[in-house]
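Visitor: Can you walk me through this model? I'd like the helix packing and the cores.

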Amino acid sequence: MQFHPGFITFEGGDGSGKTTQIQMLHDYLETQSIFHLTTREPGGSSAAEEVRKILINGDQKKWDSISETLLFYAARRSHLTDTIWPAIKNGKLVISDRYADSTVAYQLYGYQNTNITKEQLDILYQMIAGHFKPDLTIILDIDPRVALSRVQKRGEKDRFESKGITFHERLREGFRKIASIDSNRCVLINANQSKEQIHQEVIRLIKDRFL
Ligand code: TYD
């Protein structure tokens, strides 16, 4: 099928169903023989997967908020140069589970890191990516209380609850704000629907913009 190569990102809080939706989209693109690549952050290239390990494994307090933020950008730069840009150049539709909006939503809104400003994040972003941006960002929006009942079912309740419900509320507000500021690029989908309904909305967006 004819399509335009490009870059799609999925964003949302824990339990919003991103990973399931990316898998369903991948299956759909396979059936349509659309040349694509699914990837993720933090990670997505061999060096960035190394950084993911040092960010996610072990003592969460080993990095202060500034070091942690810089590691997300270091990993993102490698993800861009080694994976995303070459794949787009090869004509692929690239789909990433999280990207730069996660840093704004988690580090600024969720964790409220007071020693980091949005202006600094914008400068770091420009340093690693220039003017490159996703063509489409799908934000799965869900009430954290509904998300909590989902993660409970897959045994990840502790990880969710350790951050606290107010953290998840701030995170949701952060993503909603990002969507309202950049409304051409970002589309908010109500994630409190069946996975099939959400998938249909995702397919409609992809068809509108890339096929
Ligand atoms: P992961 O296991 O991939 O979680 P999820 O399935 O929710 O994507 O872990 C990634 C974690 O890293 C997740 O809690 C979000 C967080 N994160 C940030 O805090 N900042 C970022 O810039 C990115 C990309 C992720």
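Guide: What follows covers conventions, helix pairs, cores, a few residues and some backbone details.

Visitor: Conventions, please.

Guide: This is a predicted model, where local features need pLDDT of at least 70, side-chain atom pairs count only at pLDDT 80 or more, and totals for chains, interfaces and linings use all residues. Residues are numbered from 1 along each chain as its sequence is written, and side-chain values use heavy atoms, with hydrogens and water left out. Helices (H or I, at least four residues) and strands (E, at least two) are DSSP runs, numbered from the N terminus.

Visitor: At what angle do α2 and α3 cross?

Guide: Roughly 160°, with the axes of α2 (residues 46-56) and α3 (residues 65-89) coming within 8 Å. Axes are lines fitted to C-alpha atoms, for helices over the stretch in contact, and angles run from 0 to 180 degrees between N-to-C directions. The two helices are therefore roughly antiparallel. That label is for angles over 145 degrees; under 35 is roughly parallel, 65 to 115 roughly perpendicular, and the rest oblique.

Visitor: Which residues of α2 and α3 meet?

Guide: From α2, Ala47, Ala48, Val51, Ile54 and Leu55; from α3, Glu68, Leu71, Phe72, Ala75, Ser78 and His79. Contact means heavy atoms within 4.5 Å. By class, this contact has 8 nonpolar, 2 polar and 1 charged residues. Ala, Val, Leu, Ile, Met, Phe, Trp, Tyr, Cys and Pro count as nonpolar, Asp, Glu, Lys and Arg as charged, and the others, Gly among them, as polar.

Visitor: Glu68 is in that list. Is Glu68 buried or exposed?

Guide: Buried, with a relative accessible area of 16%. Buried means under 20%, exposed over 50%, partly exposed in between (1.4 Å probe, protein chains only). Leaving out residues up to four places away in sequence, Glu68 touches Leu55, Trp63 and Gln107.

Visitor: How does α3 sit against α5?

Guide: The axes of α3 and α5 (residues 118-129) come within 9 Å and cross at roughly 30°. That makes the pair roughly parallel. On the α3 side, the contact residues include Thr69, Tyr73 and Trp85; on the α5 side, Leu121, Tyr125 and Ile128 are among them.

Visitor: What does Thr69 touch?

Guide: Thr103, Gln107, Ile116 and Leu121, leaving aside neighbours within four places in sequence. Thr69 counts as buried, at 2% relative accessibility.

Visitor: Now the cores. How many residues are in the largest nonpolar one?

Guide: It has 27, and Ile8, Leu25 and Ile138 touch the most other members. A nonpolar core is a set of buried Ala, Val, Leu, Ile, Met, Phe, Trp, Tyr and Cys residues joined through side-chain atoms within 4.5 Å. Elements supplying at least two residues each include β1 (6-12), α1 (18-31) and β4 (136-141). α9 gives the most, with 6 residues.

Visitor: What does Ile8 contact?

Guide: Beyond its neighbours within four places in sequence, its contacts include Leu93, Ile95, Ile138, Ile206 and Phe210. Apart from that core lies another, of 25 residues, with Ile84, Ala105, Phe167 and Ile178 among them.

Visitor: Which peptide bond is cis?

Guide: The one from Glu41 to Pro42, with omega near -10°. Pro42 lies in the loop between β2 (36-40) and α2.

Visitor: And what is phi at Ser33?

Guide: Near 55°, a positive value in a residue other than glycine. Ser33 lies in the loop between α1 and β2 and counts as exposed at 59% relative accessibility.
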